[in-house]
Amino acid sequence: YMVDKGNHRHFMEKEIHEQPEVISHTLAHYVDFTTGRTKPLELPFDFAKLDRIAISACGTAYLSGLIGKYWFERYARLPVDIDIASEFRYREMPLSKKSAALFISQSGETADTLASLRYCKGEGVPIGAVVNVRGSTIARESDVTLPTLAGPEIGVASTKAFTCQLSVMAALAIHAAAARGTVTEEEERKLVKDLAEAPRLANQVLRLDRQIEKVARELAHYKHVLYLGRDTNYPLALEGALKLKEISYIHAEGYAAGELKHGPIALIDENMPVIVIAPHDRIFEKTVSNMQEVAARGGKIILITDEKGAEKSTIDTMDTIVLPQVPEIAAPILYALPIQMLAYYTAVFMGTDVDQPRNLAKSVTVE
Ligand code: G6P
């Protein structure tokens with residue numbers, strides 16, 4: 001594996017563009033595209049017999065776990081407790097005998113994630129680790145390794161590792177749903193087929209780069225940004241804000257759109273653009289009313305939606321980024337791309353050190 005920038009200005013840009021390929025690679029490890037079924041996994045637990053799973057991780061890996069929670073609960077009817085590892089490790093959470101623990105880490109070396117894993121081991125709970133680096137400490141200390149096949153990630157701000165983590169979480173949720181009988185064989189096939197669309201659609205979404213670069217040129221003039229989303233777009237709003245602050249140093253906050261009126265609405269004016277992630281899904285209309293609340297207060301909106309959403313929304317926006325229609329289960333993977341590109345191009349305009357942002361480390365092996 002050649003680790004150089006190729007034709008790209010930064011590793012981050014290269015890694016963003018590698019996503020269709022590495023997502024496809026990762027998915028192929030977990031699902032059989034021809035039969036439409038999940039591949040058998042050798043797990044130290046039986047999904048059908050679990051009453052909950054506990055997920056812990058840090059940073060962007062934590063946000064992939066938060067999206068995983070929506071999937072496990074929706075498709076497999078399996079409750080998920082999700083924690084930031086630095087909180088989990090000291091919280092003395094009681095773990096039921098019918099639970100399993102999952103840890104997500106690109107590097108497999110994050111100190112807090114490792115400490116959380118060791119806590120669960122002490123509690124006698126079976127442990128799975130979603131890791132990108134084979135042979136890492138977290139991989140070695142877990143009962144089963146569930147690899148992300150993203151290849152080496154050099155940019156400090158995680159991109160391809162995140163969408164590969166999402167691919168594994170989605171495949172695992174379908175696997176759990178099949179094992180628990182919460183989906184029929186036909187529904188399982190449909191979910192796998194939908195998920196398998198992700199790499200092809202990711203290629204289409206990446207072609208929005210020139211347009212997103214233009215939006216970033218405007219965004220680079222602001223000091224504060226608010227990101228909003230509902231359902232799986234809520235963790236994505238957190239991820240969008242995290243990416244933006246990590247590499248462009250613009251102060252950004254991610255919020256569940258429904259929480260707007262419980263605080264952040266007080267900050268809305270023409271100096272704080274609001275980026276709204278809202279595909280035309282089951283709760284699109286709810287997010288539209290949040291956008292109306294923002295617009296009524298002079299807030300400027302950057303809407304990230306799909307063709308149907310763009311058609312149905314009556315909101316005046318500063319910019320609208322329009323993705324193709326995508327299946328529900330593939331949406332978080334695909335909507336991760338415009339928020340990564342937006343952070344990337346904004347940082348390029350600001351002239352920051354994109355691959356090595358100040359004060360940040362790729363792998364945090366100390367507490
Ligand atoms: C650091 C990196 C992030 C990463 C986080 C967790 O903060 O800058 O990109 O998400 O650590 O790292 P891990 O290797 O455990 O996924």
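This is a predicted model: local features need pLDDT of at least 70, side-chain atom pairs count only at pLDDT 80 or more; totals for chains, interfaces and linings use all residues.

Modeller: Take helix 2, residues 19-30. The model scores are ipTM 0.98 and pTM 0.97.

Which residues of helix 2 are buried? They are Gln 19, Pro 20, Val 22, Ile 23, Thr 26, Leu 27 and Tyr 30. The general rule for reading such a list is that an α-helix has 3.6 residues a turn, so residues three or four places apart point the same way.

Helix 14 covers residues 331-350; at 1.5 Å a residue its 20 residues should span 28 Å, and because its end C-alpha atoms are 29 Å apart, the two values agree. Of those 20 residues, 18 are buried, and helix 14 is mostly covered. Gly 351 follows helix 14 and has a positive phi, near 75°. Helix 11, residues 233-248, reaches 21 Å from its first C-alpha to its last, close to the 22 Å expected for 16 residues.

Arg 77 has a phi near 50° and sits in the loop between helix 3 and strand 4. It counts as partly exposed because 13 C-beta neighbours lie inside 10 Å. Glu 92, with a phi near 55°, belongs to the loop between helix 4 and strand 5. Glu 92 has 8 C-beta neighbours inside 10 Å and therefore counts as exposed.

Helix 3 itself contains Phe 72. With 28 C-beta neighbours inside 10 Å, against a cut-off of 20 or more, Phe 72 counts as buried. Apart from neighbours within four places in sequence, Phe 72 is in contact with Ile 53, Leu 78, Val 80, Ala 173 and Ala 176. Ile 53 is 19 residues away along the chain, and its C-alpha atom is 9.1 Å from that of Phe 72.

Ala 173 also turns up in the largest nonpolar core, which has 126 residues; Ala 173, Leu 195, Val 276 and Leu 334 touch the most other members. Leaving out neighbours within four places in sequence, Val 276 is in contact with Leu 228, Thr 287, Met 291, Ile 301, Leu 303 and Ile 304. As a general matter, nonpolar side chains in soluble globular proteins tend to be buried together.

Last, the ligand. Helix 3 (residues 59-76) gives the most to the shell around the ligand, with three residues. There are 16 residues around the ligand, and those that come nearest are Gly 59, Thr 60, Ser 105, Ser 107 and Thr 110. Sorted by class, the shell has nine polar, six nonpolar and one charged residues.

Technical notes:
Residues are numbered from 1 along each chain as its sequence is written. A residue is buried if 20 or more other C-beta atoms lie within 10 Å of its own, exposed if 12 or fewer, and partly exposed in between; C-beta atoms are placed from the backbone. Helices (H or I, at least four residues) and strands (E, at least two) are DSSP runs, numbered from the N terminus. A residue is near a molecule or strand if its C-beta atom, placed from the backbone, lies within 6 Å of it. Ala, Val, Leu, Ile, Met, Phe, Trp, Tyr, Cys and Pro count as nonpolar, Asp, Glu, Lys and Arg as charged, and the others, Gly among them, as polar. A nonpolar core is a set of buried Ala, Val, Leu, Ile, Met, Phe, Trp, Tyr and Cys residues joined through C-beta atoms within 7 Å. Two residues are in contact if their C-beta atoms, placed from the backbone, lie within 7 Å. The expected span of a helix is 1.5 Å times one less than its number of residues.
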